[in-house]
Amino acid sequence: MTRSLFLRSALVLLFAAGVTSLAFGQQAVRLLNVSYDPTREFYQEVNAAFAAKWKAETGGTVTINQSHGGSGKQARSVIDGLQADVVTLALAYDIDAIHNVGNLLPKTWQSRLPGNSSPYTSTIVFVVRKGNPKGIKDWGDLVRPGIVAITPNPKTSGGARWNYLAAWAYALEQPGGTDASARAFVTKLFRNVPVLDSGARGSTTTFVQRGIGDVLIAWENEALLAMQMLGRDKLEIVVPSMSILAEPPVAVVDKVVDRRGTRKAAEAYLRFLYSDEGQHLAAKHYFRPRNEAVLAKYVHQFPKVRLVTIDTVFGGWAKAQKIHFDDGGLFDQIYQPGR
Amino acid sequence: MMTPFRRRNVLPGFLPSLGLTLVYLTLLVLIPLGALILKTTEMTWGQFWETVTTARALATYKLSLGAAFGAALTNAVFGLIVAWVLVRYSFPGKRVVDGLVDLPFAMPTAVAGIALTSIYASSGWVGQHLEPLGVKVAFTPLGILVALTFIGLPFVVRTVEPVLQDIEAELEEASASLGAGRWQTFRRVILPMILPALLTGFTLAFARAIGEYGSVVFISGNQPMRTEITTLLIMTKLEQYDYTGATAIATVMLTLSLGLLFLINLLHGWARRSAAA
């Protein structure tokens, strides 16, 4: 008698627990956003704004956890099993690698969202000490003997690869510029680099907090943020004569969201970046928004600089990565610390 | 009567405890180290040699081993003095000092690193006074030495203290009554007795300093060829997903450390034998 009573009450309890957990499960969603290094402050605000919007629209709660690091490094982490619902990286190649090596999203991921899946763009500028004591005006000044330049490690950081390619593109544009002269230019540049951090934020820390270096080659948004947070009295931005158009893309990681059942929230999260609110937040954090109307409002905060694209100069990311950044590629041949 | 076939141990359960020890050691030590070496064998000998003998790698070995040795030596000298003071004297605040000696054990190494960096940077409390004298501590090998000395301090103090405490006063009195001066008494009576413990403390401090990462990585500046330690080079290679390169360098460090520890063990045995003599 007591045994069957026990079994029945256990069954009822289990059923109730199941139903309540199901109910809660539908309501509380957790997402992991694996991002590149300089976007901490931006996604802090975006996540709060999106959570509020999600609650207003669906009544459920969504918590977004962040992971930050060099873009290449982050991509490899996702391939190795980090359960990212969305990836918001520095360059398309890193997300392509997540498809090619890890097969976690389809080949056509980039066409799923507008603007090549980049809700905002950015570029590369220089940060120097206040007063610009070394007189750094353009890329050519970076290779002067005695100049100490800070850039992250192209093997791990996305920003570092944009830096490298922008320098290469500059050298190609010079009179008599060929691949050989560009290689010599970039080699001289890296001779002036004493230390490579693994991500863009690490390099900013090295330059600003540790006081190492005369010039920091940085993301435009990182430079503007550093100026705002760390002191217009200590730093100055120098805009070079030309730079490269950087399109940091975003994507949903299909295998993970399908397994975790978070596709709806993840896709809404990425679409939020394209909404007016998301675009305003992007501009507020010094990213150049795709939305022309929003960009027009913030155009004064972005320096005017002539931009080239990776497709026109380098024939696309796959080619550039293979030639320059893969193991044994040009960067490995160029970077010989100590020589 | 004939001796029994199997001698009974006072403590039972020899075979099970032996078995448990072997399993434990194997799982925690042998298998990971074996996997490390196995991963390295994915490279050919030529590639291995090339990876571990680049100028950059050689600079890191010199720095890591040199700084660890220097720090352990500093700790041996000053740790002995601290242990001496703590054992032989009593003064107000002795308990506090005693507790402070254990601080480097208890502190997370990253906290230690940040604390040291902020003190010794050119805008820090100590750094701002040293800078005009031309002494730069943060972001130089000197800073690495400071960090390694800091984290190695408790090892020597804690290994020497009990031995010092056990030394009977009669020995020193006998030595004095035979006409030895204070320095002679120290050198010929006390030092041989504490030398094994001192060497043990030195070894522990050295071993910890070789592998130290958290506290050094903040204060060193991490510049290849100048202030890059081997553990950082291994981390950098891992971040670049060059697993075989990382394990290759790790294997070299492992071999070097084992060799040095073996040497120190020999020294230890010799010291103990000459103390007993």
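Modeller: Let's begin with the word "cavity": a set of grid points where a 1.4 Å probe fits but cannot get out, with lining residues being those that have an atom within 4 Å of a point. Keep in mind that the model is predicted. The idea behind the search is simple: rolling a probe the size of a water molecule over the atoms shows where empty space is left.

By that rule there are two cavities of 30 Å³ or more. Take the second largest cavity to start with, at about 30 Å³. Its lining consists of A:P38, A:E41, A:F42, A:N221, A:L225, A:H285 and A:F287. Two helices of chain A, α2 (40–58) and α8 (220–230), each give at least two residues to that lining. Sort the lining by class and you get four nonpolar, two polar and one charged residues.

Now for the largest cavity, which holds about 50 Å³. Look for A:P152, A:G159, A:A160, A:N163, A:A200, A:S203, A:T204, A:L216, A:I217, A:A218, A:W219 and A:E222 around it. Which elements of chain A supply at least two residues each to the lining of the largest cavity? They are α5 (158–173), α7 (200–208) and β7 (215–219). Strand β7(A) has the largest share, with four residues. The classes here come out as seven nonpolar, four polar and one charged.

Next, a space that is open: the second largest pocket, with a volume of about 400 Å³. It has 19 lining residues, and those closest to its centre are A:R76, A:K155, A:Q321, A:D326 and B:Q240. In chain A, α3 (71–79), α4 (92–100) and α14 (317–325) are the elements that give two or more residues to this lining. Eight of the residues lining the second largest pocket are nonpolar, four are polar and seven are charged.

The accessible surface of chain A is about 14,900 Å², and carbon and sulfur atoms account for 57% of that.

A:V238 belongs to strand β8 (residues 235–238) of chain A. Is A:V238 buried or exposed? It counts as buried, because its relative accessibility is 10% and the cut-off for buried is under 20%. Beyond the neighbours within four places in sequence, A:V238 touches A:V125, A:F126, A:V128, A:N132, A:I136 and A:K137. A:V62, by contrast, is 176 residues away along the chain, with 40 Å between the two C-alpha atoms.

The other valine, A:V253, is in the loop between β10 (250–252) and α9 (254–260) of chain A. A:V253 is buried too, at a relative accessible area of 0%. Apart from neighbours within four places in sequence, its contacts are A:A84, A:D85, A:V86, A:V87, A:L104 and A:L105. Between the C-alpha atoms of A:V253 and A:G135, which are 118 residues apart along the chain, there is a separation of 45 Å.

Finally, hop over to chain B for two helices. Helix α12 (residues 230–239) of chain B has eight of its 10 residues buried, so it is largely enclosed by the rest of the structure. The buried ones are B:T230, B:T231, B:L232, B:L233, B:I234, B:T236, B:K237 and B:E239. After α12(B) comes B:Y241, whose phi is positive, near 60°.

Helix α2 (residues 45–52) of chain B has B:F48, B:T51 and B:V52 buried. Those three cover an arc of only 85° around the axis, which puts them on the same side of α2(B). An α-helix has 3.6 residues a turn, so residues three or four places apart point the same way. On the face of α2(B) turned away from the buried side you'll find the exposed residues B:W49 and B:E50.

Note on methods:
Residues are numbered from 1 along each chain as its sequence is written. Chains are lettered from A and ligands numbered from 1 in the order in which they are written. This is a predicted model: local features need pLDDT of at least 70, side-chain atom pairs count only at pLDDT 80 or more; totals for chains, interfaces and linings use all residues. Side-chain values use heavy atoms; hydrogens and water are left out. Buried means under 20% relative accessible area, exposed over 50%, partly exposed in between (1.4 Å probe, protein chains only). The arc is that of the directions from the helix axis to the C-beta atoms. On a 1 Å grid over the protein atoms alone, a cavity is a set of points where a 1.4 Å probe fits but cannot get out, and a pocket is an open set with protein on both sides within 12 Å along at least five of seven lines; lining residues have an atom within 4 Å of a point. Grid points are joined across faces, edges and corners, and a volume is the space filled by probe spheres set on the points. Ala, Val, Leu, Ile, Met, Phe, Trp, Tyr, Cys and Pro count as nonpolar, Asp, Glu, Lys and Arg as charged, and the others, Gly among them, as polar. Accessible areas come from the Shrake-Rupley method with a 1.4 Å probe; for residues, only the protein chains shown count as cover. Contact means heavy atoms within 4.5 Å.
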